[in-house]
Amino acid sequence: MEFSGDVREAISLSRNAPLGPPPLCSICQHKTPAFGKPPRWFTFAELELATGGFSQANFLAEGGYGSVHRGVLPDGQAVAVKQHKLASSQGDREFCSEVEVLSCAQHRNVVMLIGFCIEDGRRLLVYEYICHGSLDSHLYGRHRDILEWSARQKIALGAARGLRYLHEECRVGCIVHRDMRPNNILITHDFEPLVGDFGLARWQPDGDTGVDTRVIGTFGYLAPEYAESGQITEKADVYSFGVVLVELVTGRKAVDLDRPRGQQCLTEWARPLLEEYAIDELVDPQLMDKYSEEEVYCMLQAASLCISRDPQSRPRMSQVIRILEGDTIMESSHMSTPGHDAHSRSGRMYPNHQQQHEHFSPASLKDAFDSFSGKLSIDANMRPALRERNRGRRASCENEL
Ligand SMILES: Nc1ncnc2c1ncn2[C@@H]1O[C@H](COP(=O)(O)OP(=O)(O)OP(=O)(O)O)[C@@H](O)[C@H]1O
Ligand SMILES: [Mg+2]
């Protein structure tokens, strides 16, 4: 099959394909790949065919590791094919086994790794195609429309669910993402987010694959303990996710050298404002007043805990979701789960089914929450107080002018 045109056309042609899971995107009927299959080993020729010979028309972007092209497989599945620009045959076997493990990560909010190609020193990864770009392009990039609050809330919750799945629910054990940031959150036209590029971040083109303590990630999103010592746990992802939440609320980049001093590093600028819940100062001015104050409040609460300097004080992703949903606010001293984090220090990925059983039956989760003595609910008393404080802040600013 020759493919060189619009991927949407190809997707619509595939609408009559045999029934699988429901489409992820209601607009372009983005088809979710069937779950439960092992990764496919593609030949280079198959991928050439799928991408119209890696044509310019199918070129999506040049990412950190190489070029990305869209394509369509003979069964109608739309894919994004990533070519590592400096591939080598070093570590091929580890690469294969890593791909095998990571392709087990299958969740509505996780970009599925469908397969790979290793041929003549080339390495390519084949992912399901996500139709509406990455979060960064919507927050401060080429997609010009303002990202509405409802979309931001949906993206925060969906991405949190994707990350919770990787950390707490994936059957191969905990997968630490290592590079959680808006570029790696892909979006459908319905603003359903999918977390991509997890785990494989350490597959650098130089073939050096065995060093677990090397810091991989992006400045502005790195947890302090990870930046300092390279020790990676899922709590480093939680920190990065907290930065993403601050970006969603403020519409600011994690690092923006075009801003005045003191505002270039988002976390440093936002930390004192988060402590005061200074909603007016924090909320993206582009949103005007079109946002839910309660949801913003919950997102700021979650963000504030996630970017705690002490990793033990950061919540786990299941707790972040509860906060985002407005269920619970917890004091940071109750965030760590003794015994859990200790397992996670040494590596990016560690099979440990015990952790999952220990914490994630609905009953035990409820028990865990009930046992937090510092538990508060966002009650009716707090919300007016918050509004009052913001009104007060506004008034005092106006007086100063
Ligand atoms: N599965 C996918 N579906 C659709 N588009 C994708 C997919 N994966 C990547 N892209 C597109 O390719 C771009 C580059 O992705 P890539 O992951 O290579 O680089 P990045 O995320 O910007 O940086 P890094 O290389 O550090 O991950 C993304 O911004 C997105 O537009
Ligand atoms: Mg990426």
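The model is predicted: local features need pLDDT of at least 70, side-chain atom pairs count only at pLDDT 80 or more, and totals for chains, interfaces and linings use all residues. Residues are numbered from 1 along each chain as its sequence is written, while chains are lettered from A and ligands numbered from 1 in the order in which they are written.

**Overall fold**

- The chain has 15 helices and 10 strands; these are DSSP runs (helices H or I, at least four residues; strands E, at least two), numbered from the N terminus.
- The chain has 401 residues, and 40% of them are buried. Buried means 20 or more other C-beta atoms within 10 Å of a residue's own, exposed means 12 or fewer, and partly exposed lies in between; C-beta atoms are placed from the backbone.
- Of the contacts between residues at least 6 apart in sequence, 66% join residues at least 24 apart. A contact needs C-beta atoms, placed from the backbone, within 7 Å.

**Shell around ligand 1**

- Ligand 1 has 19 residues around it, and A61, G63, G64, A80 and N183 come nearest. A residue is near if its C-beta atom, placed from the backbone, lies within 6 Å of the molecule.
- By class, 10 are nonpolar, 7 polar and 2 charged. Ala, Val, Leu, Ile, Met, Phe, Trp, Tyr, Cys and Pro count as nonpolar, Asp, Glu, Lys and Arg as charged, and the others, Gly among them, as polar.
- Strands β2 (59–63) and β4 (78–83) each supply at least two shell residues. The largest share, 3 residues, comes from β2.
- Ligand 1 lies between domain 1 (19–128) and domain 2 (135–345 + 355–400), because both give residues to its shell. The domain bounds come from an automatic or database domain assignment.

**Nonpolar core**

- The largest nonpolar core has 84 residues, and L245 and M299 have the most contacts inside it. Such a core is a set of buried Ala, Val, Leu, Ile, Met, Phe, Trp, Tyr and Cys residues joined through C-beta atoms within 7 Å.
- Helix α7 (residues 234–250) gives this core its largest share, 10 residues.
- Domain 1 and domain 2 each contribute at least three residues to this core.
- Leaving aside residues up to four places away in sequence, L245 touches A156, M299, A302, A303 and C306.

**G220**

- G220 sits in the loop between β9 (193–195) and α6 (224–229).
- G220 has 17 other C-beta atoms within 10 Å, so it is partly exposed.
- Leaving aside residues up to four places away in sequence, G220 touches V243, A254, V255, C265 and L266.
- G220 and V243 are 23 residues apart in sequence, and 7.9 Å separates them in space, C-alpha to C-alpha.

Key
Contact = placed C-beta atoms within 7 Å.
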